[in-house]
Amino acid sequence: VRFSHAWLADYVVLRDPPPEVGRRLTAAGVPLEGLVWPDPADPGTAVYDFDVFTNRPDCMNHQGLAREIAALTGELLRLPQPLVPGGGKTTSSVATVGIENPEMCARYSARCILGARVGPSPEWLRHRLESIGQRSINNVVDATNYVLWEMGHPLHPFDLDRLSGRQVVVRTARAGESLVTLDGEERRLDAGTLVIADARGPVALAGVMGGQASEIGSSTRNILLESAWFDPVSIRRTSKALGLHTDASHRFERGADPGATLAALDRAAMLVTELAGGEVTDPAIDQHPRPEPPLRVPLRPARVRALLGIDIAAEGARGGLERLGFAVDVTDPARWAVQVPSFRRDITREVDLIEEIARQRGYDAIPSALPVAQDAAGGRDPVGRLDDRARAALLAAGLSEAVNFAMADRDECLLLAPETAPPAIENPLQSGAASLRTTLLPGLLRNTAHNLNRGVSGCHLFEVGHVFTPAAGRPAETLRAAGVLAGRGVWSHWSLGRREVDLFDARGAVEFLAERLGMTAPRFASDTIARGAVAGLRAVLGDGVTGIVGEVSPAVLRRFEIDRRTFVFEVGLEGLHGVRPPDRRFAGLPRFPAVRRDLAVVVRENCTVTAIEEVIRGVSSLPIAEVQVFDRYRGKGVEAGCASVALQVVFQHPERTLAADEVQAAQDAIVTALQDRLGARLRGSGPPG
Amino acid sequence: VIVQERVRGIREQFDRDLRAAADPAALAAVRVRYLGRKEGLLTLLLRDLRDVAPADRAIAGKAVNDLKLHIDSALHLAAADLEERSAAPVLTALEASLPGRTQRPGAPHPITQVRTLIESIFLEMGYALESGPEIETDYYNFEALNIPAHHPARDSQDTFYVEGGLLLRTHTSPVQVRTMERRPPPIKMVAIGKAFRRDPFDATHSPMFHQVEGLVVDEGITFAHLKGTLEHFCRKVFDRAVRLRLRPSFFPFVEPGAEYDVSCIFCDGRGCGRCKGSGWIEMGGAGMVHPAVFEHVGYDSERCTGFAFGLGIERIAMLRHGIDDIRLFYENDLRFLTQFPA
C-alpha cells in the first residue's frame, strides 16, 4: 500500500527522515517494502510502499498509519473534524434507505448533495491521488476516493436522479438478476449476492463495485453518498465468485470500521461541496440495525510476563495502548479492562493486546533464553528412520538422489502403474500435473531424459518418497524407493573398460537395499510388469515388501524420449514402517580352516542358481559355509540353450580340520546329485542329460 | 692425552672420508680403512689403549668407545642413504599419474542434506521428529490453525485441492495440530516435509517445496525462549555468529507473531547485493502459539504457553550453496547434484 510523506504529515509531525520512518514502522509491524524519494531536499516528495498485513485494514490509509506513527513517536495525532452545516433539506426527505439483510449490512449511512457540478478535480487533489498511484476521474469520485485513502472507509456515490424511486435497499440478489458494473461487465448475480437495489433492481454490488447506470457523470447534479459497513465474509464471497477485487472489497473483507461510517460520510460530503458545490442534506440517514457494544478485553500484567518473558512498565504499556486508541481502566491493577476502538477489529482477546505491547516496545527489547522443556519423545531414534536408511543404502550403491513433484501426469502414471487410478488434483497448474503420483518411475524417467539429453554419460538416480493410491476416505500415502540406471556403468575406471549398465546393476541396488533394511532372503522371479512397460523381475524382499526390477520397454522409452537402454526398480517400503531391523547376533569366528572347491556346471537356461545351490547344500555331507557364483559362460563348448555356471563351494567344519579325501568325496556326491536332479554336467564332460 | 688427540684426528679424517664416499665401493673402502681387522685405524687405536697408564685408561677408553659408536652409526646411515638414492623407481611417470580405483557413493539431494543438518541441530536439543500426511483436510491445514473459511489469510496460500474434499497441505503447520492432538505437553518437536502451493514454477517459486515446522509447548514458555531458540538454531545452521532480528508480523496461528531475519551471512550485516543492501536475510515466520490453536486441540491455554516457527529448506540450501534458481532442485540434473557430495 502506497503512502505519501506529505499526506501523512497532515496528521502527525514527522521529525524523522523517510528511511527512519520506514525503519520504525517495520520494527512495529508495518514493514516497508519500498521507498521512492525523488527530491532528498524535500521529505514531502517521499512515497512509501508498506506491506500492511491482512489483519490491519485500519493501517491501509493515511490517518491510520499516522496513528501508528504518533503512538511510536509520542507526537500528537491531529485529525480533521468536518462540520456539516444544517438548515437545508433533510436526507430522508430526498431519499430513502432500507436494509433487508442486517446480518450482512450492520450499518448504512447516507447523505445527499443537491445541485453539485461534476468536473475535473483541482490540481492539489489530482496530485495527491496520483502520488500514491491513483487515477483522477472527476471531482466527486475523487472526493470519495480521497476519503478512502485518508480515513480508510470505502464510500460510494450514486447519481440520485438515476435511482428509481430515489431509494436504495440493501438486499440479496434474486434469481436471474444481473448488473452492468462500472467496468462495463455484465454480471449475472447468484441469489445471495449482496446488492444495493433501487425500486427496479440492483444498482451496485454492495461493497465491491458500483453499477454503470447510476455512475456519476458530467450531467450528474444530485448525489447520494453511501457510507456503509458490510459483513467481511459476504464481501469476500462475492469478490471471489465474480473474480472482482477492488480497493473497497479489499477493506471490507478485512474488516472496515463500523464506527467510522458517519465521520467518513461527513468528510466526503464536505469535500464534495468544496470541490463541486451543492448543498449537503442534514441530518444524515444512519440505519444501524446491528450496533455492536464496544468490546472490552481483560489484560493481566502477569500474563504479559508469562507470554513475553519480560516485566512491563505498567505506565508505559498503558500509555502506549491509549495512544493507539484503546481506553484502559486499571481499577483492578491485576486485571485491566481495555476497551477496543471500533477500527481495531483484529483485537478480540488478551493475547492480541499483549502483541500490541510487544510491538510498541519492539521485539528487540525482549531477551533471549533457551527453554528447559524436555519432550519424552525427543532425541535421536537409534534405529533411524526408514526413509533415511533406504536413502543411505542407495547412495552407497552409487546412485544419486532425486526429488520429484508429487503432482504427476495421469497417463504416465497409468503407463507404469496400470493397476492404480491416480487421485486427481481438482485445480492443477497444468494438465500434465493433474494427478498425484502412484509410482516414482515417471519422475525418474523424466530426469533420465533430461540428463541424457544434456550429455550426462551415465544416469544413476534414486528417489525415496510417497506415492498416493486410492483408498477408502482419503488416498493412502505410502513410502517407496525407486531407481533408474541408464548409460555408462555405475562404477567406472580406466582399468575396467567401458561398460553400459544392465539388469544386474538394478538388481544389485535392490539386493543391497534389502540387505541394509534387514531382509536377508530376497526372492526374484522373471515377469512382465505393468503390461509390458517393464520386462524383468518381480521381487519379494520380505514380509509384505515387494518390488520390481527390469528394463523399460522401447515404447515407454519413446514416450519419455530416452534413446539408451534404461533399467529401473521400485520397491514398496510401507510394510517396514515400525519394524525394527533384526539385531545382528555375533557368530563365533571359525577356528578351523576352510576348503574351497570350484565347480563349473553346464545347465539348461531354465535351471536357476537357487536350485543349484539348494542341491549343493542339500546333499553335502560336510558343512558348507558359502556358495558363490563367480562366472557365467555361454558360447564355444557350451551348447545353445545352456550356460556354464561356475561356483565356489566353501566347506568348513566348526570342530575339526577337513581331510582332502572327505572333501573330494563330498564334491563327488554334489556333482552326482547335480547330474541326477538337474541334468547338469561338469564343464568339459559330455552334454547335459 | 695423546690418545685423545689421536681420537680427534681420526674422527676428523673419518668425517672427511665419509663425505667423499659417493658409492658403495668407496663406502666399503672407508669401512676397511677404519674398522679393518688388521690395519683399521680404530682397530690400531684400540690395540694401543693397552699401553696407556692405568690411571688414564678409563678416560681414554671412553673417548675411543665414543669414536667407535660414531663411526658405526655414521657408516650405517651413509649405507642406507646410498641405497635409497640408488633404488630404481617402482612406477613409471605415466603410472604415477593414473587415477586410482574406488567406488564412490552417490550424492544425496541438497534438500536432504539441509534437512538432515536441521534435524540434527534440533535432535541435539532434545526435539522429537514428527511427521504428518501430505494430503490434508481443510480442518488441519486451516481451521485448527485459526484460519477459518473466507479468511483473507488464505489468499497467500493458494491451495491445490484433491478429489474427495481434500487438499495438499500448504505448510507443515498441520503437524503441530496432529502432534498436540496425539500427546499432552511438554512438547518439543520439529517436522520437516513437503508443502504445496499453487504458485507458478519460476526462479523463486515452486509448487512443491520443503518446510521446517517447530513447536515447543510447556508451562512457562515465553517469547524470550522463542528468540533464544531461533538464535541458537540460526548460528548452528550457518555455522557463524549471526545476529537475529524479529519483526512483528501476522500469521493467524501465532500471537504475538513475527518474522525473523539473520544478519547477512555474505557481508556480516554491512549490506551487499545478496541482502539487497539491508544487512539482513529473511528466514521465516514465528510466534507464540495462538490460544485458539490450543483450544482446538484441547490444551489449557491458561496453563501452557508455546512457540512455533517455520522456515523453508530450499531457501537455506540456496543461501548455503549460492543457488539462484529454485527449479534446479527439481530437475535432478546430475551435473547439479554431484556438486554437493555429502
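Which residue forms a salt bridge with A:R56? In this predicted model, where local features need pLDDT of at least 70 and side-chain atom pairs count only at pLDDT 80 or more, totals for chains, interfaces and linings use all residues. Residues are numbered from 1 along each chain as its sequence is written, chains are lettered from A and ligands numbered from 1 in the order in which they are written, and side-chain values use heavy atoms, leaving out hydrogens and water.

The partner turns out to be A:E68, with the closest N and O atoms 2.6 Å apart. A salt bridge here means a side-chain nitrogen of Lys or Arg within 4 Å of a carboxyl oxygen of Asp or Glu. The pair ties together distant parts of the chain, twelve residues apart: A:R56 sits in the loop between strand 3 and helix 3 of chain A, and A:E68 in helix 3 of chain A. Helices (H or I, at least four residues) and strands (E, at least two) are DSSP runs, numbered from the N terminus. Both A:R56 and A:E68 are buried; buried means under 20% relative accessible area, exposed over 50%, and partly exposed in between (1.4 Å probe, protein chains only). These two also belong to a salt-bridge network, whose members include A:D58 and A:R344.

A:D16 meets A:R24 at 3.5 Å between the closest N and O atoms; A:D16 is partly exposed at 22%, and A:R24 is partly exposed at 29%. In chain B, B:D333 and B:R335 form a salt bridge at 2.7 Å, N to O. There, B:D333 counts as buried because its relative accessibility is 6%, whereas B:R335, at 43%, is partly exposed.
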